[in-house]
Amino acid sequence: MPLHYSKKVMEHFLHPRNIGEMKDHDGFAEVGNPVCGDQLGFYIKVKDGTIKDVKFLSFGCASNIATASILTEEVKGMTLEDAKKFDWNKIVKDLGGLPKQKVHCSILAVDGLKKAIEDYEGRKK
Ligand code: FES
């Protein structure tokens, strides 16, 4: 049975925002799903407790790329405290929904971002 992606998912998949490496990052994390094999890397730049910049790299499916892309748009400029509370349901909703077999992609994306924040906080200690 074919999967049907929303227009918004396809738009972010075909034109991902904030994709690429960030050499002068303050935090970085790589996460992966052992079942599907998809991976994501998140870089963050932090200033005054706020995410000033965020980028991602993907080795994953269309939904992996689209969820990471919209997440970077939504958390840029957000305080770390708010980003730590970010709920993956929001990106699913803002993407116009995901096929249920692909909802885990949004969870992986949010997990990757939160781990990059943890990395930043660990470096500060
Ligand atoms: S299918 Fe596993 S992250 Fe997309």
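## A buried loop residue

K102 lies in the loop between α4 (88-94) and α5; helices (H or I, at least four residues) and strands (E, at least two) are DSSP runs, numbered from the N terminus. K102 counts as buried because it has 21 C-beta neighbours inside 10 Å. The criterion for burial is 20 or more other C-beta atoms within 10 Å of a residue's own, whereas 12 or fewer make a residue exposed and values in between partly exposed, with C-beta atoms placed from the backbone. The C-alpha atoms of K102 and S63 are 6.6 Å apart, although 39 residues separate the two in sequence.

## Basis of the model

The model is predicted: local features need pLDDT of at least 70 and side-chain atom pairs count only at pLDDT 80 or more, while totals for chains, interfaces and linings use all residues. Residues are numbered from 1 along each chain as its sequence is written.

## Overall architecture

The protein chain contains five helices and three strands, arranged from the N terminus as α-β-β-β-α-α-α-α. Its radius of gyration, taken over C-alpha atoms, is 14 Å, which agrees with the value near 14 Å for a compact globule of 125 residues. The globule rule used here is 2.2 Å times the number of residues to the power 0.38. Along the principal axes, the C-alpha atoms fill a box of roughly 50 × 25 × 25 Å.

Of the 125 residues, 34% count as buried. Among contacts (C-beta atoms, placed from the backbone, within 7 Å) with a separation of 6 or more, 63% join residues 24 or more positions apart.

## The sheet

The three strands form an open, antiparallel sheet in the order β1-β2-β3; strands pair if DSSP finds at least two bridges between them. β1 (27-32) and β3 stand at the edges with a single partner strand each, so one side of each is left without a neighbour in the sheet. From one strand to the next, the twist averages 15°; axes are lines fitted to C-alpha atoms, for helices over the stretch in contact, and angles run from 0 to 180 degrees between N-to-C directions.

Strands β2 (residues 39-47) and β3 (residues 50-59) are joined by nine bridges. F42 stands opposite F56, and G41 has L57 as its bridge partner. Two residues lie between the strands of this hairpin, where D48 takes a positive phi near 50°.

## Helices on the sheet

Helix α2 (residues 62-75) packs on the sheet and touches β2 and β3, its direction making about 175° with that of β3. Helix α5 (residues 103-124) also packs on the sheet, touching β1 and β2, at about 145° to the direction of β1.

In α2, 11 of the 14 residues are buried, among them S63, N64 and I65. The elements covering these buried residues include α1 (7-14), β2, β3, α3 (80-84), α4 and α5. Just after α2, G77 takes a positive phi of about 90°.

## The nonpolar core

A nonpolar core is a set of buried Ala, Val, Leu, Ile, Met, Phe, Trp, Tyr and Cys residues joined through C-beta atoms within 7 Å. The largest has 28 residues, of which F42, I44, L71, L95, A109 and L113 touch the most other members. At least two residues of this core come from each of β2, β3, α2, α4 and α5, and α5 supplies the largest share, seven residues. Neighbours within four places in sequence aside, A109 is in contact with L40, T67, A68, L71 and I91.

Notes:
Contact = placed C-beta atoms within 7 Å.
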